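Please look at the sequence and the 3D view before reading on.

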Amino acid sequence: MKVLVTGGAGYIGAHVVRLLQRRDDTVIVVDDLSTGVAENVGTAALVHLDLSVPDCVEKLENVLTEYAVDAVIHIAAKKQVGESVERPVWYYQQNVGGFGHLLQAMQAAGVNKMMFSSSAAAYGKADVPAGQLVTEDTAPQPISPYGETKLVCEWMMRAAGVSWGLRGVGLRYFNVAGTGWPELGDPTVLNLIPLALRSLTAGERPKVFGNDYPTPDGTGIRDYVHVLDLADAHLAALDYLERDDRPYDIFNVGTGHGSSVLEVLAEIGKSSGYAIDPEIVARRPGDPAEVAADVSRIKEALGWTSRHTLAEMTDSAWTAWELTHGEPKVAPTGTGRATPARR
Ligand code: WQD
């Protein structure tokens, strides 16, 4: 199969590219390299292109035709929630505009299969009782422009299905973590695990955004999913697009199990060998107490389930951090995991 992966030079995209190549698919990457790294695409063809500029449509159409692409995996997007609140119009231009250009090019080139990276951010403040999992039928109520753009793209994908027969499937990612290969670690320091690793190696205390939530230990609960499992879900979604019978077009990708901030920090301590002495600070505005995915739909329809543990996520994130960031300012003094749970 010939697969075009937008955003294939980024953290998640590069994992998807490697798994596709492992099963002998031909991969073409389209990336603007704004956060992606060219070396991370390996032997895949790399087309340097910004999807948000209108003249990309013709170029994209040519790439789709020239390589006789069978299906597109669309991962390229801006993904910082805070930045989207500050620059909402730009987020719509980048994420929704880019998506529209891609759809135009696909229709023109006659490519009718697309897997789209959506996000749990689409659920936003969706009304879910404490302790209950979020299902794909839970009404989305995005809080940030970022979450809004993901939901709008899902709608555009569905509308293109009705209009010209696009076969689309959207994966709503929960909290993605870890690495499958140390050199493919998340280069951004925006989420809990990298933020905690940066604090620890700089000799600072990792911050906990509130310990007065209605959860067992008072800290926020999220569904952390290993990036390798997530990448594997992309392959399952591509196979699903081959089927004529496709009862659903949106799937949660998580583990079905939530972990609290303190539980994640404890695992980071075991992986890295640092003693964990977190600083409890105020809640972060907009953070829900608890979000974890109901994953029964993806299991039933795609036959996909997560396989990796939280320990494997923090172990691999720590290994990648050491490789990328070199000697820590402050060396670990605690007791690390005796036998790291590496794969
Ligand atoms: C996780 C938990 C924080 C940092 C993000 C995106 C979302 C989706 C998943 C893709 C929360 C707490 C964090 C810190 C902390 N991704 N925390 N101290 O906000 O759940 O979701 O990833 O599209 O769109 O927003 O992830 O890693 O920021 O936070 O206590 O220094 O850790 O409050 O409970 P979040 P996160």
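How many Å separate an oxygen atom of the ligand from an N or O atom in the side chain of Asn175? The value is 3.0 Å. It comes from a predicted model, so to speak of it is to speak of computed positions.

**Around the ligand**

There are 18 residues around the ligand, and Ser119, Tyr146, Lys207, Arg222 and Asp287 come nearest.

| Residue | Part of the residue | Ligand atom | Distance |
|---|---|---|---|
| Tyr146 | N or O atom in the side chain | oxygen | 2.7 Å |
| Lys207 | polar backbone atom | nitrogen | 2.8 Å |
| Asn175 | N or O atom in the side chain | oxygen | 3.0 Å |

In the case of Lys207, the ligand atom is a nitrogen and the protein atom belongs to the backbone. For Tyr146, the ligand atom is an oxygen and the protein atom belongs to the side chain.

**An annotated span**

An unreviewed UniProt entry places the feature "domain: NAD-dependent epimerase/dehydratase" at residues 3-254.

**The cavities**

Rolling a probe the size of a water molecule over the atoms shows where empty space is left. In the whole structure, a search finds two cavities of 30 Å³ or more.

The largest cavity has a volume of about 40 Å³. Its lining is made of Ala9, Gly10, Tyr11, Thr35, Gly36, Val37, Asn40, Leu184, Gly185 and Pro187. Five of these residues are nonpolar, five are polar and none is charged. Domain 1 and domain 2 both contribute to the lining of the largest cavity, so this cavity lies between them.

The second largest cavity has a volume of about 30 Å³. Around it are His74, Ala76, Ala77, Asn95, Phe116, Lys150 and Cys153. This lining divides into four nonpolar residues, two polar residues and one charged residue.

How values were computed
Residues are numbered from 1 along each chain as its sequence is written. This is a predicted model: local features need pLDDT of at least 70, side-chain atom pairs count only at pLDDT 80 or more; totals for chains, interfaces and linings use all residues. Side-chain values use heavy atoms; hydrogens and water are left out. UniProt positions are given in the numbering used here, feature names are shortened, and annotations may be inferred rather than shown by experiment. A residue is near a molecule or strand if one of its heavy atoms lies within 4 Å of it. A polar contact is a pair of N or O atoms within 3.5 Å; within protein, one must be able to donate a hydrogen and the other to accept it, and residues adjacent in sequence count only if both atoms are side-chain atoms. On a 1 Å grid over the protein atoms alone, a cavity is a set of points where a 1.4 Å probe fits but cannot get out, and a pocket is an open set with protein on both sides within 12 Å along at least five of seven lines; lining residues have an atom within 4 Å of a point. Grid points are joined across faces, edges and corners, and a volume is the space filled by probe spheres set on the points. Ala, Val, Leu, Ile, Met, Phe, Trp, Tyr, Cys and Pro count as nonpolar, Asp, Glu, Lys and Arg as charged, and the others, Gly among them, as polar. Domain bounds come from an automatic or database domain assignment.
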